[in-house]
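Welcome, and please open your viewer.

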Amino acid sequence: MPEPVDLSLILPAYNERASIAATIEEAFAYFESRKIQAEIIVAADGTDGTRELVRAMAAGNPFLRVIGKEERSGKGRGIREAVALARGRIVGYADADNKVPITEYDKIQPWLVDGFHLVIGSRGMSQSVVERSQPWYRQIGSTGFYYFMQAAVGLPGIRDTQCGFKFFPRDVAVRLFQLQRIDGYMFDVEILTLANRMGYRIKQVPIRWRDDADSRLQLLSGNLRNVKDIFRIRRYWRRNAPVPAAVAAAASEDSPTIGIIS
């Protein structure tokens, strides 16, 4: 079995050839500066050569791996498959286009050391810094999504479910992603819903974020899929299939305190 490392960083990527190399290099430089032994797993779907570029970068580097295929299988699925391969004591994911600078992990790590089971970056807190905002129509859509999501699923206290900067102890990540089913963008909502039901301690941290003006979400068809997935989460996890008792019990043993903390 491969030796464990301190941290596994997963970078989900769909046609990200233009930005992926810089993101990887910046992340490795940061980890070296903090003396964190880290691996990076790139989950790369698409046909623009992202996968091939990362594979070339990984030659001779045992701490860089790439998975994926030409067809777009979804961000949730890519991260789920990468978590199954991760060997870090901490497992997390960030956007391949570097919307959240990796240096923001400085704010995340202390809360993991303090025993939290999920530490999530948030753009919605008073101390959050948004350097470059989304277009106005996406901001309106995000506000509408928040109220719809809370009404349909209910994650009280969670201000930002969709920020792609989340970290877990490895055992927590493995448990959650073994249960997780949504392949698309709404996997974040599903993971948080599962964690909340299982009694995991969740810490929200204000982060620095910048829009790259290149969203991969198609406004109409993408949002329709998201609505369907939210209802799937509601139907499956809140009505038809409670979290297995053995898993919930294991979570309770690890969790002296239950709740979402800002």
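A crossing is called left-handed if the near helix is turned anticlockwise from the far one by less than a right angle, and right-handed if clockwise. Helices (H or I, at least four residues) and strands (E, at least two) are DSSP runs, numbered from the N terminus. This is a predicted model, in which local features need pLDDT of at least 70, side-chain atom pairs count only at pLDDT 80 or more, and totals for chains, interfaces and linings use all residues. Residues are numbered from 1 along each chain as its sequence is written, and side-chain values use heavy atoms, with hydrogens and water left out.

**Stop 1: H3 and H6**

Two packed helices are described by the angle between their axes and the distance between the axes. Axes are lines fitted to C-alpha atoms, for helices over the stretch in contact, and angles run from 0 to 180 degrees between N-to-C directions. Select helix H3 (residues 75-85) together with H6: their axes come within 9 Å and cross at roughly 135 degrees. That angle makes H3 oblique to H6; angles under 35 degrees count as roughly parallel, over 145 as roughly antiparallel, 65 to 115 as roughly perpendicular and the rest as oblique. H3 passes H6 in a left-handed crossing. Now show the side chains of Ile-79, Arg-80 and Val-83 on H3, and of Ala-173, Val-174 and Phe-177 on H6, which make the contact (heavy atoms within 4.5 Å).

**Stop 2: H6 and H7**

On the H6 side, colour Leu-176, Phe-177 and Leu-179; the H7 residues in the contact include Phe-187, Glu-190 and Ile-191.

**Stop 3: H1 and H2**

Next, select H1 and helix H2 (residues 50-58), whose axes come within 9 Å and cross at roughly 30 degrees. That makes H1 roughly parallel to H2. H1 passes H2 in a right-handed crossing. Look for Arg-17, Ile-20, Ala-21, Ile-24 and Glu-25 in H1, meeting Thr-50, Leu-53, Val-54 and Met-57 in H2.

**Stop 4: the cavity**

How many cavities of 30 Å³ or more does a search of the whole structure find? There is 1. On a 1 Å grid over the protein atoms alone, a cavity is a set of points where a 1.4 Å probe fits but cannot get out, and lining residues have an atom within 4 Å of a point. About 40 Å³ of space lies in the largest cavity, a volume being the space filled by probe spheres set on the points, which are joined across faces, edges and corners. Select its lining: Leu-9, Leu-11, Thr-23, Ala-27, Ala-94, Asp-95, Asn-98, Val-100 and Ile-102.

How values were computed:
On a 1 Å grid over the protein atoms alone, a cavity is a set of points where a 1.4 Å probe fits but cannot get out, and a pocket is an open set with protein on both sides within 12 Å along at least five of seven lines; lining residues have an atom within 4 Å of a point.
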